[in-house]
Amino acid sequence: MTTEREPALVARDIHKAFGKHQVLRGADLTVEPGQLVAVVGENGSGKSTLLKAVAGTLAVDRGEVRLGGELGYCPQDPVLNFNLTVDQHLQYFAAAHKLSSLERADELVELLGYEKYRETAAGDLSGGTRQKLNLTLALLHDPDVLLLDEPYQGFDWETYLRFWDLVDQLHERDKAVVVITHLVFEQERFDVLADLAEGRLTPRKAAKEHSHAGA
Amino acid sequence: MPAPDTLKSTPLYGQFPTALAFSVREQSRNRLAALLLVLFVPLWYLLMTSIAGDKDLEFKLYSTGQMLSVDGKHVTLITAGLNSLTMISGFVVFDAVRKALAFDKRLAFAGFRQSTLIGAKMLAIGIVAGSIALYTALALLIYWRPGFTGWATILGGFVTMTLTYGSLGLLLGVLVKNDLEGFFLIIMGGLTDTFLQNPLGNPAANKPVLQYFPSFGPMQFSVGGSLGDTVLWRYLGLGLIWAASFAVVGLIVFHFRTRSRRPTA
């Protein structure tokens, strides 16, 4: 591609404090379409706060976020309605996104392997299945920019691998994907690793050919 | 860069009917509240009337200033009904709204119109509150047959009361952080409010201060219609103002708590 493209996501100078505790101190993040970015950092470094700020679920003290397309956000803790079944969740979000079919939903449910729970209320699902539904809701409308906050918690190994197949497909289809991770062994899957430390992000190119990209 | 056209031509599910159906579902899935309604209401009537005995009581109708001499049992049945309604409808709506708040926020972020979500939620509260009030008014007939107009005014008072406490449940559901605080406020509020209106339990009943409580309007309306042969629409309106006020404040808070906070340039 020779034409200059708009970035899929630009977050600039994001500041956020909780009381006196300054979590983000001018974090910047730019993600191009088709880029797969990992946000890495210690516990409590503000990774989830950053994603919430970009997604708009948390008000920031200062900063600016620009999106080049539709956003899908998968929060770390599943946000579901325990009284509604899996299918009802899909219908509710299909209505939200004004989708004309549940084709994509069916694909995702099948890919993540939880078809047999479609009639089950979210409150009766296991933690792993809730997380699958949580992820499905973020992907339902085929967004251009995806923010995934440790999206595979509670997944078994098989589902974990399928999750990465799914991310690879999105990657190939030019979607921008940001994943919070702290698993060193999977860092080679990413195009860019962005280290979050002291409230700022420092991107580095992931050395895909290296077996370990630890600091 | 929207999703492919095939995904977006005609929506498969309308936002309003979807939100209405699921809001009614989440509010009516409260098994404890259903059990309370079915078992507690008739038992509560029985218990309260046996405590009341057959004493006559003086009850002040504020529209006319008239003191009605009424059967204590009848007034007590009305306050018992109002009282159980405050708890059940407050509990049902509070629980459903509080548990679904984060989910509703996610829906709003996904493109659900907030006004549609709010409208559907309010209508669902109306449907659920109306059903609860109807059942409670029907259960009252086991103990007392006040005649059709009398019963209809009691039902009117009951519906207004459930709407008021349903709306209070909505308000607390979007404000309060944990279950206990909300339940405590609803139970204490409902008990105090309805108990004070009954001259049997409260020697200070009939005092002007009672006018400033939410159950004042429904109580006057129900007693006026069933025991005083007057239909006091103004008092029904007063009750509805309480309901509307709680609802409006609750919905404004809901709107703020579910809006996007993304900092755009």
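What covers the buried residues of α2(A)? In this predicted model, the cover includes α3 and α4 (127–139) of chain A together with α2 and α4 of chain B. Helix α2 of chain A spans residues 86–96 and is mostly covered, with ten of its eleven residues buried. The buried positions are Val86(A), Gln88(A), His89(A), Leu90(A), Gln91(A), Tyr92(A), Phe93(A), Ala94(A), Ala95(A) and Ala96(A). After α2(A) comes Lys98(A), which has a positive phi, near 55°.

Helix α3 of chain A, one of the elements that cover α2(A), comprises residues 103–111 and has Arg104(A), Ala105(A), Leu108(A) and Val109(A) as its buried residues. Viewed down the axis of α3(A), these buried residues fall within an arc of 135°, and they therefore line one face of the helix. An α-helix has 3.6 residues a turn, so residues three or four places apart point the same way. Glu103(A) and Glu110(A), on the other side of α3(A), are exposed. Following α3(A) is Gly113(A), where phi is again positive, with a value near 70°.

A further helix of chain A, α4, contains Ala138(A). Ala138(A) is classed as buried because 25 other C-beta atoms lie within 10 Å, the cut-off being 20 or more. When residues up to four places away in sequence are not counted, Ala138(A) touches Gly72(A), Tyr73(A), Cys74(A) and Leu146(A). The C-alpha atoms of Ala138(A) and Leu71(A) are 8.4 Å apart in space, although the two residues are separated by 67 residues in sequence.

Chain A also holds an open sheet of three strands, in the order β2-β1-β4 and with antiparallel pairing. The strands β2 (21–31) and β4 (62–67) of chain A stand at the edges; each has a single partner strand, so one side of each is left without a neighbour in the sheet. On average, neighbouring strands of this sheet are turned by 20° against each other, direction ignored. Strand β1 (residues 9–18) of chain A is joined to β2(A) by eight bridges, and the two run antiparallel. Within this pairing, Lys16(A) has Leu24(A) of β2(A) as its bridge partner. Helix α1 of chain A, residues 47–55, lies across β1, β2 and β4 of chain A and runs at about 120° to β1(A).

The contact between the chains draws 35 residues from chain B and 35 residues from chain A. On the side of chain B that touches chain A, the elements giving two or more residues are α1 (5–8), α2 (15–28) and α4 (72–109) of chain B. Of these, α4(B) gives the most, with eight residues. The classes represented on this side of chain B are 17 nonpolar, nine polar and nine charged residues.

For chain B, an unreviewed UniProt entry places the feature "transmembrane region" at residues 32–53, 73–97, 118–144, 150–176, 183–200 and 232–254. In the model, residues 73–97 of chain B are 100% helix and 0% strand, with the end C-alpha atoms 36 Å apart. Residues 118–144 of chain B are 85% helix and 0% strand, and the end C-alpha atoms of this span lie 38 Å apart.

Conventions:
Residues are numbered from 1 along each chain as its sequence is written. Chains are lettered from A and ligands numbered from 1 in the order in which they are written. This is a predicted model: local features need pLDDT of at least 70, side-chain atom pairs count only at pLDDT 80 or more; totals for chains, interfaces and linings use all residues. Two strands pair if DSSP finds at least two bridges between them. Helices (H or I, at least four residues) and strands (E, at least two) are DSSP runs, numbered from the N terminus. Axes are lines fitted to C-alpha atoms, for helices over the stretch in contact, and angles run from 0 to 180 degrees between N-to-C directions. Two residues are in contact if their C-beta atoms, placed from the backbone, lie within 7 Å. Ala, Val, Leu, Ile, Met, Phe, Trp, Tyr, Cys and Pro count as nonpolar, Asp, Glu, Lys and Arg as charged, and the others, Gly among them, as polar. A residue is buried if 20 or more other C-beta atoms lie within 10 Å of its own, exposed if 12 or fewer, and partly exposed in between; C-beta atoms are placed from the backbone. The arc is that of the directions from the helix axis to the C-beta atoms. UniProt positions are given in the numbering used here, feature names are shortened, and annotations may be inferred rather than shown by experiment.
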